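Subject: Structure handover

Hi,

Here is the structure you are taking over. My notes follow below it.

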Amino acid sequence: MQFEGIYTPIVTPYHENFSLNEAVLAQTVEHLIAAGVHGIIVAGSTGEYYAQSEEERVAMMSLCAKLINGRVPMIVGTGAIRTEDSVRYAEAAKAARADGLLVATPPYAYPTGREIALHALAIDRAANLPIMLYNYPGRMSVNMDEETLDRLGRSPNFCAIKESSGDINRLHMLARDYPHIALSCGMDDQALEFFAWGARSWVCAGSNFAPEAHIALYQACAVEGDFIKGRAIMSAMLPLMRVLEQGGKFVQCIKYGLTLRGIDAGPPRKPLQPLNKDDKRELVEVIRTMNTTVEKITGAGA
């Protein structure tokens with residue numbers, strides 16, 4: 001599988017009582033596909049998988065598969081502390097006809113490189129699907145190091161890595177030493193650098209509510225190779241990225257941004273709390289300014 005383009009880790013819309021809002025989920029899927037995203041990720045951290053029961057996660061896979069209906073690839077996250085749980089999620093994803101898996105380091109357990117590899121290989125054996133690895137030491141406390149990557153090179157299913165370390169030296173290392181594992185941008189404020197180093201995809205939560213701007217940057221850099229245009233778009237997007245990453249209100253901002261598009265994604269599940277009025281006002285202004293600027297650069301509405 002070739003991971004190409006914008007992959008959106010879809011939110012999980014909730015009613016005020018925190019039950020799944022299936023109607024808004026369907027609306028979100030249609031919004032993303034109509035906007036032109038290239039794939040949808042179910043059970044990413046933006047989808048609040050960590051706050052869901054196993055039954056809810058499995059049901060979400062099946063429901064999203066029906067809603068997407070093969071129009072774009074569906075990638076399913078297998079995140080869990082225990083390998084046994086991740087294997088069950090992988091098997092459920094395969095049963096739901098997922099096109100691929102997102103495999104992260106088990107959080108909190110603090111595994112070694114060898115242990116991360118054995119975890120990922122167990123998932124691979126269970127599902128035999130294309131896999132995008134997910135390296136995010138800021139949440140998981142450890143990196144997928146060279147030992148991990150070398151061991152995983154034995155299976156062709158490990159075909160991409162979403163790199164979210166923020167360490168530019170890791171980006172260089174992956175591009176130079178592991179060209180068989182496709183780079184996917186997982187650090188929004190480094191998207192331009194990822195594309196410059198050959199990344200062909202970007203997993204970006206902000207594309208839930210601003211798919212046009214994210215697609216515009218991908219189009220300029222990865223498709224057209226126009227990095228002058230890409231720098232202008234990136235410059236317009238950076239204030240939004242700063243807002244999303246400050247103060248631990250990432251999921252809340254993504255959900256409210258989608259609500260501003262007329263798709264009420266509802267509250268985040270606890271322990272997270274909705275944005276306050278000041279946060280909402282700041283996000284509205286940043287999005288408005290970004291869209292206006294990107295529209296001027298591309299000549300298309302954002």
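Start at one strand pair: Ile131 stands opposite Phe158 in S6. This is a predicted model, where local features need pLDDT of at least 70, side-chain atom pairs count only at pLDDT 80 or more, and totals for chains, interfaces and linings use all residues. Residues are numbered from 1 along each chain as its sequence is written, and side-chain values use heavy atoms, with hydrogens and water left out.

**Strand S6**

Strand S5 (residues 131–135) and S6 run parallel, joined by five bridges. Strands here are DSSP runs of E with at least two residues; helices are runs of H or I with at least four; both are numbered from the N terminus. Two strands pair if DSSP finds at least two bridges between them. Leu133 also has its bridge partner in S6, namely Ile161.

S6 pairs with strand S7 (residues 182–185) too, in the parallel sense, over four bridges. There, Ala160 has Ala182 as its bridge partner in S7.

How many of the six residues of strand S6 are buried? Six of the six are, so S6 (residues 158–163) is largely enclosed by the rest of the structure. Buried means under 20% relative accessible area, exposed over 50%, partly exposed in between (1.4 Å probe, protein chains only).

**The barrel**

The sheet is a closed barrel of eight strands, in the order S1-S2-S3-S4-S5-S6-S7-S8, with parallel pairing. On average, its neighbouring strands are turned by 25° against each other, direction ignored.

Helix H2 (residues 54–68) packs on the sheet and touches strand S2 (39–42) and strand S3 (74–77). The direction of H2 makes about 175° with that of S3. H7 packs on the sheet as well, touching S5, S6 and S7, and its direction makes about 165° with that of S6. Contact means heavy atoms within 4.5 Å. Axes are lines fitted to C-alpha atoms, for helices over the stretch in contact; angles run from 0 to 180 degrees between N-to-C directions.

**Helix pair H10 and H11**

Helix H10 (residues 227–245) packs against helix H11 (residues 250–259) at about 125°, with the axes 7 Å apart. The two are therefore oblique to each other (under 35 degrees is roughly parallel, over 145 roughly antiparallel, 65 to 115 roughly perpendicular, the rest oblique). Val243, Leu244 and Glu245 in H10 meet Phe250, Cys253 and Ile254 in H11.
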